[in-house]
Amino acid sequence: SACRAAIIVAPVARPSSTTMATRPAGSSGGRTGVYSARRRRIVEQAYGQWLAFLWDRADGSDLYALPAAGGWPMRLTFDREPQPYWLDEAPEWSPDGRWLAYTDRDHVWIVEARGGQPQKISSFAAWSTSPRWMPDSQHLLLGLERDDRSRILLSDRDGSWPRPISE
């Protein structure tokens, strides 16, 4: 028989932390499994209405968004490769709350927080990491390697106009 599960979101000691637990649907006191979903990788949207998190599963580690008030998580990626937790980075909300930036396969990607096709914005580099949004939600800072040196670049949301910030 298939096991359906309910996801429960509950605040814990620190206001910015959240624990996720699953309980088989319809059970009242059965076994409860707690999934940290890389608990330190759960990030709250600036307006506090949504949470984004990486959920480790057998076949991958995908990005999800969940209404902070509760409900079903929305899967935003479908083929993100699993990463050791110590190498993986938390997704980054844009200041306007409409976009999420994340890393996968040594590149920076963005996806609309309400769903859509993820877009790689760092094709111009061998690898990139640590996306950080600028206040306008149109540009990001990226760490990357270019010309055998680590650099910081400023890119637009499409990844079409990278400019070096550091040498």
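In the predicted model examined here, Tyr 102 stands opposite Trp 109 in β10, where strands are DSSP runs (E, at least two residues) numbered from the N terminus, as are helices (H or I, at least four residues). Residues are numbered from 1 along each chain as its sequence is written, and side-chain values use heavy atoms, with hydrogens and water left out. Local features need pLDDT of at least 70 and side-chain atom pairs count only at pLDDT 80 or more, whereas totals for chains, interfaces and linings use all residues.

The protein chain has zero helices and 15 strands. Of its 167 residues, 39% are buried, a word that stands for under 20% relative accessible area, with exposed meaning over 50% and partly exposed in between (1.4 Å probe, protein chains only). Among contacts (heavy atoms within 4.5 Å) with a separation of 6 or more in the protein chain, 30% join residues 24 or more positions apart.

Strands β8, β9, β10 and β11 form an open sheet in that order, with antiparallel pairing; two strands are taken to pair if DSSP finds at least two bridges between them. The edge strands are β8 and β11 (119-120), each of which pairs on one side only. The antiparallel pairing of β8 (residues 92-93) with β9 extends over two bridges, and Trp 93 stands opposite Leu 100 in β9. These two strands form a hairpin with five residues between them, and in its turn Gly 97 has a positive phi of about 75 degrees. On the pairing of β9 with β10, six bridges are found, again in the antiparallel sense, and Leu 100 stands opposite Val 111 in β10. The hairpin of β9 and β10 has two residues between the strands, and Arg 105 takes a positive phi near 50 degrees there.

In a regular strand the side chains alternate between the two faces of the sheet. For β9, both faces are covered: Trp 99, Ala 101 and Thr 103 are buried on one side, and Leu 100, Tyr 102 and Asp 104 are buried on the other. Six of the six residues of β9 are thus buried.

When residues up to four places away in sequence are not counted, Val 111 touches Leu 63, Leu 76, Arg 98, Trp 99, Leu 100, Tyr 102, Gly 116, Gln 117 and Pro 118.

The lining of the second largest pocket includes Thr 103, Asp 104, Arg 105 and Asp 106, as well as Arg 80 and Trp 127. A pocket is an open set of points, on a 1 Å grid over the protein atoms alone, where a 1.4 Å probe fits, with protein on both sides within 12 Å along at least five of seven lines; lining residues have an atom within 4 Å of a point. The elements that give two or more residues to this lining are β9 and β12 (127-133), and the largest share, three residues, comes from β12.
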